[in-house]
Structures are given as structure tokens and as C-alpha cells.
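Hello,

Here is the structure I said I would pass on.

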Amino acid sequence: MKDSKRVLIVDQLNLFFRNYIVNPSLSINGAPIGGLKGCFQSLQKVIRESKPDMVIVCWDGAGGSAKRKSIKKDYKAGRKPIRLNRGVRNMTRNEELENKIWQQTRLVDYYNQTPIVQFMFDGVEADDIIAYVCRSKELANYEKIVMSSDKDFFQLLDGKTVLYRPIQKEVLSKNSILDKFDIHPNNFAIARALAGDKSDNLEGVGGVGLKTAAKRFPFLKEEKAMTIDGMLEYCRDQLAETSVKAYTSVLENTEILGRNYRMMQLYAPMLTIDAKKTIKETLKNPDYSFNKTEIIKMMIKDGFGEVNFIELFQHFNKISVDNA
């Protein structure tokens, strides 16, 4: 018997692309369906292991984060388009793009037939939705499992929230982060702001990675959240007694540090008032209906009706019945 309810919160594009790339499944017409089929297989596995009372999937909205791009125009610029595994590339780039969009859109349609709660807002990243959901009053008493390989979610971990990273095959908690990095989740955003993130096109403070940050700023392992001003003051105090390069680098790159922190932090998610209102209202009164017959029809039509999803369907049915 579980002491409290549990919610699985999925970074959906992260899950989709992982399956889209590695799953070679094709429909009877020869079209790739690995992202679509693989997402259901991955969900069945994690739901079997975690037995959540609620499942929430969060999508990146059209255009990505408008607020972050307003801070830095080339945010995430230069990323190579996600492509199919070479073994199943039988389309032109345009056909592949159309198929990728179709698979994602189709997933939305599938999820609408299940008790899964979906969130997607134009100009908003899934990271911000997930952060807001994790800290929502409506789920305050729930155990939370965030499913993503994204390091940004380290900063959300607390006594009730863990991160399941499927690619790395690990489950991280607040204590795991402290043990592994000597940095508390409450200070992970400022540590990441120092280190930067090449994948998001965010250069860091030169010569200050996560290891150096933990070594030169020992207060980062404390529960109390450090501010940018506090970080700069500490550097000035240290330079009065030492000539450590890390402290000089921070003071010479205050603009980069401040900008990175504003863009990387999830403690105050970048959501519109309307998006916050929608999330609150949805969490207060979720739609837990489940149309198993329609899903099976869709799976047969899309070419993977033979896959055994009995465990997944049983759990969806349980969520639906328990909340009837």
C-alpha cells in the first residue's frame, strides 16, 4: 500500500525523440512509426515499474520558449535536426519531416483517448510546464517522478520529487545530486549558469565547470539558495585574500552569469498567466476518461496493433475507474 499518491510527469519530446531515433518500426505501408509505437512501449515499462496514480505529459509548444529567445536570439540555434536511424531512412528530408510531425500529432490524438493529462502552450517549453506542475499546490502531497534525460530538472529535486533518466538508466534524488556534484538542487541553476550549456548555445564563465563551481563555491551544497549578488560579493571577498582565477572570471563575466541564470532557472517558470490558469484548472479537474476500443482501432490502422499493451491498458483503466 502506497502512503501517498504518485504522479509520473513526462518530458514528451525528450521521450519521443529517443524512440524516434532508435526504434526502426515501420507501418504496413513502409512509413516510420518508431516514435509513436516506442513511446507507448516506454510508457508501459515505466508505468509498470512506478505504478503512478496520475500521468502528465508536457510538450514543447510551437516556436520553443519565446521568453528565452527574447533574452538571447540565438538560443538553441545551430542544433542539427533530429533524424531517423540510418537503417530506416527511406524518405527524402521533407518526407521525413512530414512523417515526424505526423507521428507527434498522432500521439496527441492517442493520448486524448487515455486518462493521460496533456499540456502544450505556444511559445512555452516543456521544462517550464514541468517545473510549474511539480510545484503546484494541487500536487503538493503527491510523490513526483519526472521522466527526462535533461539535466535542467536536477534543480527540481526535493523530498517528494525524483528524476528518472531513461537513457542513463538512473533515478536521481536530491541526495543523489548532492553526493554526485556536491551541489544542492536549490543551487543547481546558478552552478549551471556558471558552466553554461553548449547544446543550448549558452557559453559559460570561462574555466568554471560544475566541479570547479563546487570546489570554489562550497556554499552551493547548502539548502539555502544563493543569489547572483551573493555570488559576486563572495568573489570580491575571496579576491581580497587570494588570486584564484575562478573568482576573477566570474566578476569579469557578470552579464553572462546573470543572463544564463535567468534562462536556465526553473524556480520561477516562464509561463503566461493564461497557461498557469489552464494548468491549475486542469489539475483540479482532470479528464480521466479512457477509450480502449478507439486506441486499439488507431493502433491497427497505424500498423502496430499486434503489440501487447495489456499492462498499459490495465493501468489506464485503473486510473479511469479510481477517479470515476
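In strand β2, Val 55 is the bridge partner of Leu 8. Leu 8 lies in strand β1, on one side together with Arg 6 and Val 10. Please keep in mind that this is a predicted model.

β1 covers residues 6–11, and β2 covers residues 54–58. The two strands run parallel and are joined by 5 bridges. β1 is also joined by 5 bridges to strand β4 (residues 143–147), again in parallel. In that pairing, Val 10 stands opposite Met 147 of β4.

Is β1 mostly covered or mostly open? β1 is mostly covered, with 6 of its 6 residues buried. In a regular strand, side chains alternate between the two faces of the sheet. In β1 both faces are covered: Arg 6, Leu 8 and Val 10 are buried on one side, and Val 7, Ile 9 and Asp 11 are buried on the other.

**Helices α5 and α12**

A pair of packed helices is described by the angle between their axes and the distance between those axes. Helix α5 (residues 126–134) packs against helix α12 (residues 273–284) at an angle of about 50°, and their axes are 11 Å apart. That angle makes α5 oblique to α12. The crossing of α5 past α12 is right-handed.

Which residues make the contact? From α5 they are Ile 129, Tyr 132 and Val 133, and from α12 they are Lys 276, Ile 279 and Lys 280. Of these contact residues, 4 are nonpolar, 2 are charged and none is polar.

Regards

Definitions and conventions. Residues are numbered from 1 along each chain as its sequence is written. This is a predicted model: local features need pLDDT of at least 70, side-chain atom pairs count only at pLDDT 80 or more; totals for chains, interfaces and linings use all residues. Side-chain values use heavy atoms; hydrogens and water are left out. Axes are lines fitted to C-alpha atoms, for helices over the stretch in contact, and angles run from 0 to 180 degrees between N-to-C directions. Helices (H or I, at least four residues) and strands (E, at least two) are DSSP runs, numbered from the N terminus. Angles under 35 degrees count as roughly parallel, over 145 as roughly antiparallel, 65 to 115 as roughly perpendicular and the rest as oblique. A crossing is left-handed if the near helix is turned anticlockwise from the far one by less than a right angle, and right-handed if clockwise. Contact means heavy atoms within 4.5 Å. Ala, Val, Leu, Ile, Met, Phe, Trp, Tyr, Cys and Pro count as nonpolar, Asp, Glu, Lys and Arg as charged, and the others, Gly among them, as polar. Buried means under 20% relative accessible area, exposed over 50%, partly exposed in between (1.4 Å probe, protein chains only). Two strands pair if DSSP finds at least two bridges between them.
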